[in-house]
Amino acid sequence: MSTKFSDIRRVTTHQLHAMKKAGEKISMLTAYDYSMAKIIDAAGIDVILVGDSASNVMAGNETTLPITLDHMIYHATSVVKAVERALIVVDIPFGSYQGSSEEALRSAIRIMKESGAHAVKMEGGIEIKESVERVLSAGVPVMGHLGLTPQSIYKFGTYSVRAKEEEEANKLIEDAVALEAFGCFAIVIEKVPAELTKLVSEKLTIPIIGIGAGQNADGQVLVMHDMLGINKEFNPRFLRRYADLHTSITEAVQHYVADVKSGSFPDETESY
Ligand code: KIV
């Protein structure tokens with residue numbers, strides 16, 4: 001699809017602002033490896049998130065908590081090598097910024113220096129003020145993340161919709177306003193009522209990227225494995241599947257196994 005911004009040679013944080021201003025929605029997907037990042041980038045995605053969801057979909061962990069900074073840098077380095085157009089944002093993982101703003105800065109610098117990514121993402125609101133400001137003061141763009149923040153899953157206790165009650169919704173609005181004031185270039189808002197997303201998006205000039213946050217966000221993000229149907233066990237209401245790669249891959253592998261067993265692969269044209 002051709003849009004006003006589709007011929008951008010390299011997406012920047014400034015262009016994301018311009019997209020919001022122009023009313024053009026921002027597309028964002030996760031990627032964790034070279035080959036998938038190359039396909040997604042060439043298909044025209046605006047932002048690639050090297051998410052700590054790698055902990056779930058790449059490493060098979062139940063939560064995002066176990067993934068380390070070294071793992072995130074490994075994934076980010078692979079993605080950076082593949083991408084020509086998209087803005088690349090990398091999650092600072094659990095335990096690599098909560099200790100102090102110095103720790104946050106050290107982690108952000110390692111990500112930027114060792115992977116070559118363009119920005120980092122941190123979960124939290126007013127409570128991470130010092131860390132956000134410190135990272136920004138080193139010239140590293142920061143994306144915020146509010147609502148359902150998976151690094152705090154043991155505090156929430158469930159993956160259910162956040163900020164349905166007035167008190168939590170008001171806190172989310174205050175946090176979003178604060179993150180914009182600190183200097184974040186965008187905020188991911190996860191699993192909150194669509195009306196709340198609308199309110200926040202209208203209040204802020206920076207883009208709000210939603211996941212399970214309804215139509216009113218300035219952009220949308222999904223985990224690549226979920227939207228491609230690689231991962232069949234995860235079925236939240238907000239997930240739209242654009243492919244059924246689980247079935248395609250299973251059928252391809254079954255076909256290959258059958259061909260090897262029957263001796264029909266390789267044939268003469270596939271031999272030297
Ligand atoms: O890690 C991740 O994939 C994320 C998205 C769900 C926004 O943070």
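**Note on salt bridges and a helix pair in the predicted model**

1. K198 and E202 form a salt bridge, with 3.2 Å between the closest N and O atoms. The structure is a predicted model, and the points below should be read accordingly. Both residues lie in helix α9 (residues 194-203); because they are four residues apart, about one helical turn separates them. K198 counts as partly exposed, at 31% relative accessibility, whereas E202 is exposed, with a relative accessible area of 59%.

2. The count of salt bridges comes to 12. One of them joins R110 to D70, whose closest N and O atoms are 2.7 Å apart. R110 belongs to helix α5 (residues 101-115) and D70 to helix α4 (residues 69-82), so this pair ties together parts that are 40 residues apart in sequence. R110 is partly exposed at 29% relative accessibility, and D70 is partly exposed with a relative accessible area of 47%.

3. The R110 pairing also belongs to a network of salt bridges, in which D70, R110 and E114 are linked.

4. Helix α5 takes part in a further link through E102. The side chains of E102 and R134 meet in a salt bridge at 3.5 Å, N to O. E102 is in helix α5 and R134 in helix α6 (residues 129-137); the pair thus connects distant parts of the chain, 32 residues apart. E102 counts as partly exposed at 39% relative accessibility, and R134 counts as partly exposed at 34%.

5. How do helices α8 and α9 pack, in angle and distance between axes? Helix α8 (residues 166-182) packs against α9 at an angle of about 25°, and their axes are 10 Å apart. Since angles under 35 degrees count as roughly parallel, α8 is roughly parallel to α9. The crossing of α8 past α9 is right-handed.

6. Which residues make the contact between these two helices? On the α8 side they are A169, L172, I173, A176 and V177, and on the α9 side L196, L199, V200 and K203. By class, the contact of α8 with α9 comprises eight nonpolar residues, no polar residues and one charged residue. Lys counts as charged, so K203 of α9 is the charged member of this set.

7. Helix α5 is tied to α4 through R110 and D70, and linked to α6 through E102 and R134.

Key
Residues are numbered from 1 along each chain as its sequence is written. This is a predicted model: local features need pLDDT of at least 70, side-chain atom pairs count only at pLDDT 80 or more; totals for chains, interfaces and linings use all residues. Side-chain values use heavy atoms; hydrogens and water are left out. A salt bridge is a side-chain nitrogen of Lys or Arg within 4 Å of a carboxyl oxygen of Asp or Glu. Buried means under 20% relative accessible area, exposed over 50%, partly exposed in between (1.4 Å probe, protein chains only). Axes are lines fitted to C-alpha atoms, for helices over the stretch in contact, and angles run from 0 to 180 degrees between N-to-C directions. Angles under 35 degrees count as roughly parallel, over 145 as roughly antiparallel, 65 to 115 as roughly perpendicular and the rest as oblique. A crossing is left-handed if the near helix is turned anticlockwise from the far one by less than a right angle, and right-handed if clockwise. Contact means heavy atoms within 4.5 Å.
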